Amino acid sequence: MRVSVERAHRRIIDLNQGMISARAIDAERKAQSRLVRSIGNSGNLNDAEELLARIKGASDPFEEAGILDEIDGELRHEKIRDRLADAGHGPAVKVRAKDVLERLKTIN
């Protein structure tokens, strides 16, 4: 229950950060469109190019949220227990096909 609450809390934080990033990207795009309309001299062209480079270089908030979800999933207690069992530390949590085949070989 605690893990679920922590995961939900982390998800809310990630969504809020994504929303802030999305608003910033939207504001940059609106500013870019205003710049494109008012381009008249080379100074404005340089500003527009810098703005485009900044937008292209910015990270995607949705991709970051997906990566954080994946990291959270890997750090869940069940995943850690599975990895330890796979490495031979503690009893196996799941029945694997390899274990069943070995058991059948010992019976025959």
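# Reading a predicted helical model

Visitor: Where is the place of Asn 108?

Guide: Asn 108 sits in the segment after helix H5, which covers 97-107. Helices (H or I, at least four residues) and strands (E, at least two) are DSSP runs, numbered from the N terminus. The model is predicted: local features need pLDDT of at least 70, side-chain atom pairs count only at pLDDT 80 or more, and totals for chains, interfaces and linings use all residues. Residues are numbered from 1 along each chain as its sequence is written, and side-chain values use heavy atoms, with hydrogens and water left out.

Visitor: Is Asn 108 buried or exposed?

Guide: Burial is read from relative accessible area: buried means under 20%, exposed over 50%, and partly exposed in between (1.4 Å probe, protein chains only). Asn 108 has a relative accessible area of 83%, so the residue is exposed. For a sense of distance, the C-alpha atoms of Asn 108 and Met 19 are separated by 61 Å, and the two residues are 89 apart along the chain.

Visitor: How many residues has H1, and what does it reach from its first C-alpha to its last?

Guide: The expected span of a helix is 1.5 Å times one less than its number of residues. H1 has 36 residues and reaches 53 Å from its first C-alpha to its last, close to the 52 Å expected. Asp 14 is one of the residues in this helix, which runs over residues 2-37. Arg 37 also lies in H1, and its C-alpha is 25 Å from that of Ser 21, 16 residues apart along the chain. Arg 37 is exposed, because its relative accessible area is 66%.

Visitor: Which residues are buried in H1?

Guide: Asp 14, Gly 18, Ile 25 and Gln 32 are buried there. Asp 14 is buried because its relative accessible area is 4%, Gly 18 counts as buried because its value is 11%, and Gln 32 is buried because its value is 19%.

Visitor: Which residues is Gln 32 in contact with, leaving aside its neighbours within four places in sequence?

Guide: Contact means heavy atoms within 4.5 Å. With those neighbours left aside, Gln 32 is in contact with Leu 51, Leu 52 and Ile 55. Asp 14, not counting residues up to four places away in sequence, touches Leu 68 and Asp 69.

Visitor: How many salt bridges does the structure hold?

Guide: Side chains of opposite charge can pair when their charged atoms come close. A salt bridge is a side-chain nitrogen of Lys or Arg within 4 Å of a carboxyl oxygen of Asp or Glu. The structure holds five. One of them joins the side chains of Asp 14 and Arg 10, at 3.4 Å, N to O. Both residues lie in helix H1, four residues apart, about one turn of the helix. Asp 14 is buried, whereas Arg 10 is partly exposed, because its relative accessible area is 29%.

Visitor: Which side chain meets that of Arg 11 in a salt bridge?

Guide: The side chain of Asp 69 does, at 3.0 Å, N to O. This pair links distant parts of the chain: Arg 11 is in helix H1 and Asp 69 in helix H3 (residues 61-74), 58 residues apart. Arg 11 counts as partly exposed because its relative accessibility is 33%, and Asp 69 is partly exposed because its relative accessible area is 34%.

Visitor: What separates Asp 26 and Lys 30 in helix H1?

Guide: Because they are four residues apart in H1, about one helical turn separates Asp 26 and Lys 30. Their side chains meet in a salt bridge at 3.4 Å, N to O. Asp 26 is partly exposed, with a relative accessible area of 37%, and Lys 30 is partly exposed, with 45%.

Visitor: Which residues line the largest pocket?

Guide: On a 1 Å grid over the protein atoms alone, a pocket is an open set of points where a 1.4 Å probe fits, with protein on both sides within 12 Å along at least five of seven lines; lining residues have an atom within 4 Å of a point. Grid points are joined across faces, edges and corners, and a volume is the space filled by probe spheres set on the points. The largest pocket has a volume of about 170 Å³. Val 3, Glu 6, Arg 7, Arg 10, Asp 72, Leu 75, Arg 76 and His 77 line it. H1 gives the most to this lining, with four residues.

Visitor: How do the residues of that lining divide into nonpolar, polar and charged?

Guide: Ala, Val, Leu, Ile, Met, Phe, Trp, Tyr, Cys and Pro count as nonpolar, Asp, Glu, Lys and Arg as charged, and the others, Gly among them, as polar. The lining has two nonpolar residues, one polar and five charged.
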